Amino acid sequence: MKLQILQNEQIAGSVMSIKIDNPGLFTARAGQFFMVKINDFNYPFLRRPFSITYFKDYIEIVYKIVGEGTSMLAKKQKGEFIDMIGPLGNGFEIVNSKKILLVGGGIGFAPLRFLKEELKGRSFDFDSFFGFNTKDEVCVDFGNIATMDGSYGYKGSVIDLVKDVIDEETLIYACGPSVVLSKLSDICLEKNAKMQVSLESRMACGIGVCLGCVIETKNGMKKVCDEGPVFDYKEILWEKM
Ligand SMILES: Cc1cc2nc3c(=O)[nH]c(=O)nc-3n(C[C@H](O)[C@H](O)[C@H](O)COP(=O)(O)OP(=O)(O)OC[C@H]3O[C@@H](n4cnc5c(N)ncnc54)[C@H](O)[C@@H]3O)c2cc1C
(Lines give C-alpha, C1' and ligand atoms only; values in the text may rest on other atoms or scores of the structure.)
Protein backbone atom coordinates (compact mmCIF):
# COMPACT_ATOMS: atom_id res chain seq x y z
CA MET A 1 0.00 0.00 0.00
CA LYS A 2 1.40 3.41 -0.94
CA LEU A 3 1.23 5.86 1.95
CA GLN A 4 2.16 9.52 2.04
CA ILE A 5 5.07 10.81 4.09
CA LEU A 6 4.02 13.57 6.48
CA GLN A 7 7.46 14.25 7.95
CA ASN A 8 10.94 12.73 7.83
CA GLU A 9 13.41 14.32 10.20
CA GLN A 10 16.54 13.67 12.19
CA ILE A 11 15.88 13.20 15.92
CA ALA A 12 19.39 12.27 17.08
CA GLY A 13 22.85 11.56 15.54
CA SER A 14 22.03 9.04 12.81
CA VAL A 15 18.47 8.42 13.96
CA MET A 16 15.48 9.57 11.91
CA SER A 17 11.75 9.66 12.56
CA ILE A 18 9.43 9.22 9.60
CA LYS A 19 5.74 9.96 10.05
CA ILE A 20 3.38 8.49 7.51
CA ASP A 21 -0.28 9.03 6.86
CA ASN A 22 -2.41 6.37 8.55
CA PRO A 23 -5.32 5.50 6.27
CA GLY A 24 -7.15 3.93 9.23
CA LEU A 25 -7.73 0.70 7.31
CA PHE A 26 -6.01 -1.65 9.73
CA THR A 27 -5.12 -2.06 13.38
CA ALA A 28 -1.67 -2.73 14.79
CA ARG A 29 -0.16 -3.96 18.00
CA ALA A 30 3.18 -3.08 19.54
CA GLY A 31 5.99 -5.29 18.27
CA GLN A 32 4.55 -5.58 14.78
CA PHE A 33 6.45 -4.15 11.83
CA PHE A 34 6.15 -2.96 8.24
CA MET A 35 8.19 -4.08 5.24
CA VAL A 36 9.08 -0.84 3.47
CA LYS A 37 9.95 -0.57 -0.22
CA ILE A 38 12.49 2.20 -0.25
CA ASN A 39 12.05 3.33 -3.88
CA ASP A 40 9.50 3.03 -6.68
CA PHE A 41 12.17 1.35 -8.79
CA ASN A 42 13.64 -1.98 -7.67
CA TYR A 43 16.70 -0.70 -5.86
CA PRO A 44 17.35 -1.65 -3.18
CA PHE A 45 15.63 -4.81 -4.33
CA LEU A 46 14.50 -6.07 -0.94
CA ARG A 47 12.05 -4.29 1.34
CA ARG A 48 13.42 -3.32 4.75
CA PRO A 49 11.64 -4.22 8.02
CA PHE A 50 10.89 -1.48 10.56
CA SER A 51 8.98 -1.66 13.84
CA ILE A 52 6.04 0.58 14.50
CA THR A 53 6.93 3.28 17.02
CA TYR A 54 3.59 5.08 17.03
CA PHE A 55 0.26 4.14 15.53
CA LYS A 56 -2.79 6.38 15.76
CA ASP A 57 -3.61 9.35 13.57
CA TYR A 58 -0.29 8.72 11.82
CA ILE A 59 2.26 5.89 11.67
CA GLU A 60 5.74 6.63 12.99
CA ILE A 61 8.88 4.63 12.33
CA VAL A 62 12.13 5.55 14.04
CA TYR A 63 15.13 4.26 12.16
CA LYS A 64 18.88 4.37 12.34
CA ILE A 65 20.87 5.05 9.17
CA VAL A 66 23.12 2.00 8.84
CA GLY A 67 23.38 1.28 5.11
CA GLU A 68 22.11 2.01 1.65
CA GLY A 69 18.39 1.48 2.24
CA THR A 70 18.14 3.61 5.36
CA SER A 71 20.36 6.31 3.77
CA MET A 72 17.94 6.50 0.83
CA LEU A 73 14.94 6.52 3.16
CA ALA A 74 16.45 9.46 5.03
CA LYS A 75 16.34 11.52 1.83
CA LYS A 76 12.59 11.08 1.30
CA GLN A 77 10.62 14.28 1.54
CA LYS A 78 7.25 15.22 2.99
CA GLY A 79 4.55 14.61 0.36
CA GLU A 80 6.32 11.66 -1.31
CA PHE A 81 4.78 8.19 -1.10
CA ILE A 82 6.33 4.95 0.13
CA ASP A 83 5.07 1.44 -0.38
CA MET A 84 4.60 -0.47 2.88
CA ILE A 85 3.34 -3.99 3.64
CA GLY A 86 2.00 -4.60 7.12
CA PRO A 87 1.46 -4.61 9.99
CA LEU A 88 3.30 -7.94 10.07
CA GLY A 89 4.43 -10.35 12.77
CA ASN A 90 2.91 -11.35 16.09
CA GLY A 91 3.71 -8.38 18.34
CA PHE A 92 4.07 -8.38 22.12
CA GLU A 93 1.50 -10.21 24.19
CA ILE A 94 0.24 -7.81 26.83
CA VAL A 95 -0.03 -9.53 30.18
CA ASN A 96 -0.64 -7.82 33.49
CA SER A 97 2.15 -8.35 35.95
CA LYS A 98 3.23 -6.83 39.27
CA LYS A 99 6.36 -5.34 37.75
CA ILE A 100 6.64 -4.59 34.04
CA LEU A 101 9.90 -3.29 32.59
CA LEU A 102 10.59 -2.13 29.05
CA VAL A 103 14.26 -2.62 28.20
CA GLY A 104 15.80 -1.43 24.94
CA GLY A 105 19.29 -1.36 23.50
CA GLY A 106 19.92 1.37 20.88
CA ILE A 107 17.25 1.56 18.19
CA GLY A 108 15.56 -1.37 19.97
CA PHE A 109 13.58 1.24 21.86
CA ALA A 110 11.41 1.70 18.71
CA PRO A 111 8.70 -0.96 19.30
CA LEU A 112 8.80 -0.31 23.06
CA ARG A 113 7.61 3.24 22.61
CA PHE A 114 4.43 1.91 20.96
CA LEU A 115 4.13 -0.68 23.72
CA LYS A 116 4.38 2.09 26.31
CA GLU A 117 1.27 3.72 24.78
CA GLU A 118 -0.61 0.41 24.84
CA LEU A 119 0.30 -0.21 28.48
CA LYS A 120 -0.71 3.33 29.47
CA GLY A 121 -4.09 2.75 27.83
CA ARG A 122 -4.58 -0.25 30.12
CA SER A 123 -3.38 1.55 33.28
CA PHE A 124 -0.54 -0.92 33.85
CA ASP A 125 2.39 0.20 36.00
CA PHE A 126 5.72 -0.06 34.24
CA ASP A 127 9.20 1.43 34.11
CA SER A 128 11.57 1.78 31.14
CA PHE A 129 15.32 1.40 30.69
CA PHE A 130 17.23 2.23 27.53
CA GLY A 131 20.89 2.01 26.64
CA PHE A 132 22.88 3.87 23.98
CA ASN A 133 26.55 4.25 23.17
CA THR A 134 26.68 8.03 23.54
CA LYS A 135 24.46 11.06 24.18
CA ASP A 136 24.34 11.67 20.42
CA GLU A 137 22.27 8.51 19.93
CA VAL A 138 19.74 9.18 22.70
CA CYS A 139 16.41 9.43 20.93
CA VAL A 140 13.89 8.70 23.69
CA ASP A 141 12.08 11.22 25.82
CA PHE A 142 11.13 8.90 28.67
CA GLY A 143 12.59 6.22 30.93
CA ASN A 144 15.95 5.66 32.57
CA ILE A 145 18.87 6.14 30.21
CA ALA A 146 22.34 4.63 30.23
CA THR A 147 25.17 5.54 27.88
CA MET A 148 28.35 3.51 27.58
CA ASP A 149 30.56 6.61 27.70
CA GLY A 150 28.57 8.29 30.50
CA SER A 151 27.79 11.34 28.34
CA TYR A 152 24.10 11.08 29.30
CA GLY A 153 22.42 9.43 32.28
CA TYR A 154 23.93 6.38 33.95
CA LYS A 155 27.45 5.44 32.80
CA GLY A 156 27.51 1.85 31.60
CA SER A 157 25.25 -0.61 29.84
CA VAL A 158 21.49 -0.82 30.12
CA ILE A 159 22.03 -4.27 31.67
CA ASP A 160 24.01 -2.73 34.54
CA LEU A 161 21.30 -0.12 34.97
CA VAL A 162 18.38 -2.55 35.10
CA LYS A 163 19.77 -5.75 36.60
CA ASP A 164 19.14 -4.96 40.28
CA VAL A 165 15.50 -4.07 39.58
CA ILE A 166 14.72 -7.51 38.12
CA ASP A 167 13.19 -10.13 40.40
CA GLU A 168 10.82 -13.07 40.14
CA GLU A 169 7.79 -10.78 39.87
CA THR A 170 9.20 -9.00 36.81
CA LEU A 171 7.94 -9.25 33.26
CA ILE A 172 10.34 -7.66 30.76
CA TYR A 173 9.56 -6.59 27.22
CA ALA A 174 12.87 -6.18 25.41
CA CYS A 175 14.31 -5.29 22.04
CA GLY A 176 17.87 -4.61 20.94
CA PRO A 177 21.06 -6.25 19.75
CA SER A 178 21.17 -10.00 20.46
CA VAL A 179 24.20 -9.57 22.73
CA VAL A 180 22.08 -7.35 25.02
CA LEU A 181 19.09 -9.70 24.87
CA SER A 182 21.29 -12.70 25.59
CA LYS A 183 22.76 -11.07 28.72
CA LEU A 184 19.28 -10.07 29.85
CA SER A 185 18.19 -13.64 29.29
CA ASP A 186 20.92 -14.91 31.67
CA ILE A 187 19.72 -12.50 34.36
CA CYS A 188 16.06 -13.42 33.85
CA LEU A 189 16.89 -17.12 34.14
CA GLU A 190 18.88 -16.53 37.31
CA LYS A 191 16.11 -14.44 38.87
CA ASN A 192 13.24 -16.50 37.49
CA ALA A 193 11.76 -13.48 35.70
CA LYS A 194 9.59 -13.52 32.58
CA MET A 195 10.61 -11.84 29.33
CA GLN A 196 9.34 -11.39 25.78
CA VAL A 197 12.03 -10.39 23.28
CA SER A 198 11.60 -8.82 19.87
CA LEU A 199 14.32 -10.04 17.49
CA GLU A 200 15.66 -7.93 14.64
CA SER A 201 17.05 -10.70 12.42
CA ARG A 202 17.73 -9.79 8.82
CA MET A 203 14.79 -10.74 6.63
CA ALA A 204 13.87 -10.56 2.97
CA CYS A 205 10.14 -11.12 2.43
CA GLY A 206 8.58 -10.51 5.87
CA ILE A 207 5.69 -12.87 5.20
CA GLY A 208 7.10 -16.32 5.88
CA VAL A 209 7.86 -17.32 2.30
CA CYS A 210 11.60 -16.94 1.73
CA LEU A 211 12.81 -18.54 5.00
CA GLY A 212 15.63 -15.96 5.11
CA CYS A 213 15.01 -15.12 8.76
CA VAL A 214 14.67 -18.64 10.18
CA ILE A 215 16.26 -19.23 13.60
CA GLU A 216 16.81 -22.43 15.51
CA THR A 217 14.82 -22.52 18.77
CA LYS A 218 14.18 -25.09 21.49
CA ASN A 219 10.93 -25.82 19.66
CA GLY A 220 12.49 -26.28 16.23
CA MET A 221 13.09 -23.87 13.38
CA LYS A 222 11.03 -20.67 13.54
CA LYS A 223 10.51 -17.81 11.09
CA VAL A 224 11.18 -14.50 12.83
CA CYS A 225 8.91 -12.64 10.40
CA ASP A 226 5.65 -14.50 10.89
CA GLU A 227 6.18 -16.63 14.02
CA GLY A 228 7.93 -13.68 15.63
CA PRO A 229 9.52 -11.21 15.85
CA VAL A 230 8.45 -11.56 19.51
CA PHE A 231 9.43 -14.75 21.35
CA ASP A 232 9.57 -16.00 24.90
CA TYR A 233 13.23 -15.68 25.84
CA LYS A 234 13.35 -19.26 27.13
CA GLU A 235 12.60 -20.52 23.63
CA ILE A 236 15.67 -18.93 22.06
CA LEU A 237 19.00 -20.75 21.70
CA TRP A 238 21.05 -17.66 22.51
CA GLU A 239 24.37 -19.31 21.70
CA LYS A 240 23.15 -19.70 18.09
CA MET A 241 22.06 -16.06 17.67
C1 LIG B 1 11.29 -7.01 12.75
C2 LIG B 1 12.35 -5.94 12.58
C3 LIG B 1 12.12 -4.68 13.03
C4 LIG B 1 13.09 -3.68 12.85
N5 LIG B 1 12.80 -2.44 13.32
C6 LIG B 1 13.71 -1.47 13.14
C7 LIG B 1 13.41 -0.14 13.58
O8 LIG B 1 12.33 0.13 14.11
N9 LIG B 1 14.34 0.81 13.39
C10 LIG B 1 15.57 0.53 12.79
O11 LIG B 1 16.40 1.42 12.67
N12 LIG B 1 15.87 -0.71 12.38
C13 LIG B 1 14.96 -1.71 12.52
N14 LIG B 1 15.26 -2.96 12.06
C15 LIG B 1 16.54 -3.17 11.38
C16 LIG B 1 16.42 -2.61 9.96
O17 LIG B 1 15.55 -3.43 9.21
C18 LIG B 1 17.79 -2.57 9.29
O19 LIG B 1 18.62 -1.67 9.96
C20 LIG B 1 17.65 -2.13 7.83
O21 LIG B 1 17.02 -3.14 7.09
C22 LIG B 1 19.01 -1.82 7.25
O23 LIG B 1 18.83 -1.53 5.88
P24 LIG B 1 20.01 -0.80 5.07
O25 LIG B 1 19.74 -1.04 3.63
O26 LIG B 1 20.18 0.60 5.52
O27 LIG B 1 21.29 -1.58 5.55
P28 LIG B 1 22.08 -2.71 4.75
O29 LIG B 1 22.84 -2.02 3.65
O30 LIG B 1 21.16 -3.81 4.40
O31 LIG B 1 23.08 -3.15 5.88
C32 LIG B 1 23.97 -2.21 6.50
C33 LIG B 1 24.59 -2.82 7.74
O34 LIG B 1 23.59 -3.05 8.72
C35 LIG B 1 23.55 -4.42 9.09
N36 LIG B 1 22.14 -4.82 9.26
C37 LIG B 1 21.15 -4.73 8.36
N38 LIG B 1 19.99 -5.20 8.85
C39 LIG B 1 20.27 -5.61 10.11
C40 LIG B 1 19.51 -6.22 11.15
N41 LIG B 1 18.22 -6.52 11.01
N42 LIG B 1 20.13 -6.51 12.31
C43 LIG B 1 21.43 -6.24 12.48
N44 LIG B 1 22.22 -5.67 11.54
C45 LIG B 1 21.65 -5.37 10.37
C46 LIG B 1 24.20 -5.16 7.93
O47 LIG B 1 24.77 -6.40 8.34
C48 LIG B 1 25.25 -4.18 7.48
O49 LIG B 1 26.41 -4.27 8.27
C50 LIG B 1 14.32 -3.98 12.23
C51 LIG B 1 14.55 -5.27 11.78
C52 LIG B 1 13.58 -6.25 11.95
C53 LIG B 1 13.83 -7.63 11.46
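Mentor: Ile172 is found in strand E12 (residues 170–175); helices (H or I, at least four residues) and strands (E, at least two) are DSSP runs, numbered from the N terminus. The model is predicted, so local features need pLDDT of at least 70 and side-chain atom pairs count only at pLDDT 80 or more, while totals for chains, interfaces and linings use all residues. Residue numbers start from 1 along each chain as its sequence is written.

Ile172 is buried, because 25 other C-beta atoms lie within 10 Å (with C-beta atoms placed from the backbone, 20 or more others within 10 Å make a residue buried, 12 or fewer exposed, and counts in between partly exposed). Leaving aside residues up to four places away in sequence, Ile172 touches Leu101, Val103, Leu184, Cys188, Ala193 and Met195; contact requires C-beta atoms, placed from the backbone, to lie within 7 Å. Met195 is 23 residues from Ile172 in sequence, yet the two are 4.4 Å apart in space, C-alpha to C-alpha.

For the chain as a whole, 40% of the 241 residues count as buried. Among contacts between residues at least 6 apart in sequence, 60% join residues at least 24 apart. The chain has five helices and 16 strands, and its C-alpha trace spans about 50 × 40 × 35 Å along the principal axes.

The chain is divided into domain 1 (2–88) and domain 2 (99–240), bounds that come from an automatic or database domain assignment. Their centres, taken over C-alpha atoms, are separated by 21 Å. Domain 1 gives 20 residues to the contact and domain 2 gives 19. On the domain 1 side, strands E1 (2–12), E3 (33–37), E4, E5 (54–55), E6 and E7 (81–88) each supply at least two residues. That side has 14 nonpolar, four polar and two charged residues (Ala, Val, Leu, Ile, Met, Phe, Trp, Tyr, Cys and Pro are nonpolar; Asp, Glu, Lys and Arg are charged; the others, Gly among them, are polar).

These strands also belong to an open sheet of seven, in the order E4-E3-E7-E1-E2-E6-E5, with antiparallel pairing; pairing needs at least two bridges found by DSSP. E5 meets E6 over two bridges, and Phe55 has Ile59 as its bridge partner in E6. E7 pairs with E1 over three bridges, where Lys2 is partnered by Asp83, and with E3 over four bridges, where Phe33 is partnered by Leu88.

Finally, the ligand is surrounded by 22 residues, and the closest are Ser51, Gly67, Gly69, Thr70 and Ala110 (a residue counts as near if its C-beta atom, placed from the backbone, lies within 6 Å). Strand E4 (48–51), strand E6 (58–64) and helix H1 (68–74) are the elements that give two or more residues to this shell. By class, the shell divides into 12 nonpolar, five polar and five charged residues. Both domains contribute to it, so the ligand lies between domain 1 and domain 2.

Technical notes: Contact = placed C-beta atoms within 7 Å.
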